[in-house]
Amino acid sequence: MSRWVVPTGRSVRISLSAGLDAVGFHTVGSREDRALLGLPEADHVCFVLVDGLGYHNLNSRSGHARTLRAWESLEPMTTVAPSTTAAAITALGTGREPGETAMTSYALRSPATGKNFSLIKWEGSGLDPLMWQTCPTLFEELLAQQAESCVLIQPREFIASGLTQCALRGARAIPANTTNDRVDAAASALRRGAKAAYLYWGELDHTGHSKGWMSEDWVEDLEELDAAMAELARRVPRGTLIILTADHGMIDVTRRFDVAEEPQLACEVELVSGEERAAHLYTEHATAVAERWQEFFGADALIYTKAEIATNGLMGPLADRTKETMGDVLVFVGGTDAVIDSRQRRPNQSFMVGVHGSLTEQEMRIPLLVEVA
């Protein structure tokens, strides 16, 4: 049986706020956020977001991360629900919970097309990300000169993505694709006067999805990250606070349930969206569908109707946009299981090995490492 974890106050949602506060860039509640995480004041801050590097994933392979093992490991945080990139990065970039931002999954049903769309890419959605996610980002809340002193370092293709517009708009963007380019961009920007740098690292998540987080390829990417962080610490200005955390952990799937092959799951479900570990079900019969799915999975899943999510606080307060767009039933599966609907997949489309989204310990716990260069 899975050990379930729900988001806490010590969450990825407050991590960037706390990091910006460390260099005197205050937003609403940022002083309290920094105190809760135990971060010191600093002359500069470099905030490193490693996609997919869960607390338990890192600990299981810490022998391959000599640099990170030597950094101070503060009490681990939780990510948000669901434990997925679009929800978590928007939460840290705005300080708001997914229920407030309507970024409640990797994929949802588009009100414009009636079809699934990705809240990372937004392709074919018929929607404007800026009209969807209207909460101000932390960078937008800063004074103009402070925002100009914040740099956002990402691969070029992410700079103008829908997710970046939703989560991180307002900072000065610097495209950098390779490992060396990213480290150089962060160190150079801070040496040239920037006070805060946000540095995104996506290789571990990509490899985890394609090969699994227990693969040798994943370990090699961890070793590359570790070496890059050693180089980053050598090159940033003295007195720079480096903060490293993640948006979620990851599990490797061993069993998939196909809605198309299970009449009990398919009954009265109009569309399956979300992701394999955290499905959004669209239906006009939410209570009946939730009961059938709970009977099917038993203790191996947590299943809530939208009405229950609105009252249990799992995603925070639900904005009107969230209520309009999220599924009518949410399914968080446990163990190493996943849920798919083969009717919505392309012929011969491969499955991901590593996935996330649910509320298990391994997906929800994320590290909080700090180093003062």
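The largest pocket is lined by 47 residues, and Tyr106, Ser118, Ile120, Lys121 and Met352 lie nearest its centre. A pocket is an open set of points on a 1 Å grid over the protein atoms alone, with protein on both sides within 12 Å along at least five of seven lines; lining residues have an atom within 4 Å of a point. The model is predicted: local features need pLDDT of at least 70, side-chain atom pairs count only at pLDDT 80 or more, and totals for chains, interfaces and linings use all residues. Residues are numbered from 1 along each chain as its sequence is written, and side-chain values use heavy atoms, with hydrogens and water left out.

About 1800 Å³ of space lies in this largest pocket. Volume here is the space filled by probe spheres set on the grid points, which are joined across faces, edges and corners. Two or more lining residues come from each of α5 (85-94), β5 (116-118), α10 (156-159), α11 (162-167), β8, α13, β12 and β16 (337-340). Helices (H or I, at least four residues) and strands (E, at least two) are DSSP runs, numbered from the N terminus. Helix α13 gives the most to the lining of the largest pocket, five residues. By class, this lining has 17 nonpolar, 18 polar and 12 charged residues. Ala, Val, Leu, Ile, Met, Phe, Trp, Tyr, Cys and Pro count as nonpolar; Asp, Glu, Lys and Arg count as charged; the others, Gly among them, count as polar.

Axes are lines fitted to C-alpha atoms, for helices over the stretch in contact, and angles run from 0 to 180 degrees between N-to-C directions. Contact (heavy atoms within 4.5 Å) is made by Glu203, Leu204, Thr207, Gly208 and Lys211 of α13 and by Asp217, Trp218, Asp221, Leu222 and Leu225 of α14. These residues divide into four nonpolar, two polar and four charged.

Helix α14 in turn lies across β1, β8 and β9, running at about 165° to β8. These strands belong to an open sheet of seven, ordered β2-β19-β9-β1-β8-β6-β7, with mixed pairing. Two strands pair if DSSP finds at least two bridges between them. The edge strands, β2 (72-73) and β7 (172-175), each pair on one side only. Strands β9 (residues 240-246) and β19 (residues 369-372) run antiparallel and are joined by four bridges. Isoleucine 242 has glutamate 371 of β19 as its bridge partner.

One cavity of 30 Å³ or more is counted. A cavity is a set of grid points where a 1.4 Å probe fits but cannot get out. The volume of the largest cavity is about 50 Å³. Its lining takes at least two residues from each of α1 (15-22), β1 (44-50), β6 (150-154) and β8 (196-201). The lining residues comprise 10 nonpolar, one polar and no charged. Among them are Leu16, Phe47, Phe139 and Tyr198.

A further open sheet has four strands in the order β12-β13-β15-β14, with antiparallel pairing. β12 (271-275) and β14 (301-305) stand at its edges with a single partner strand each, so one side of each is left without a neighbour in the sheet. Neighbouring strands are turned by 20° against each other on average, direction ignored. Five bridges join β12 to the antiparallel strand β13 (residues 278-282). Glutamate 275 stands opposite alanine 278 in β13. Helix α16 (residues 286-297) lies across β13, β14 and β15 (329-333), at about 175° to β14.
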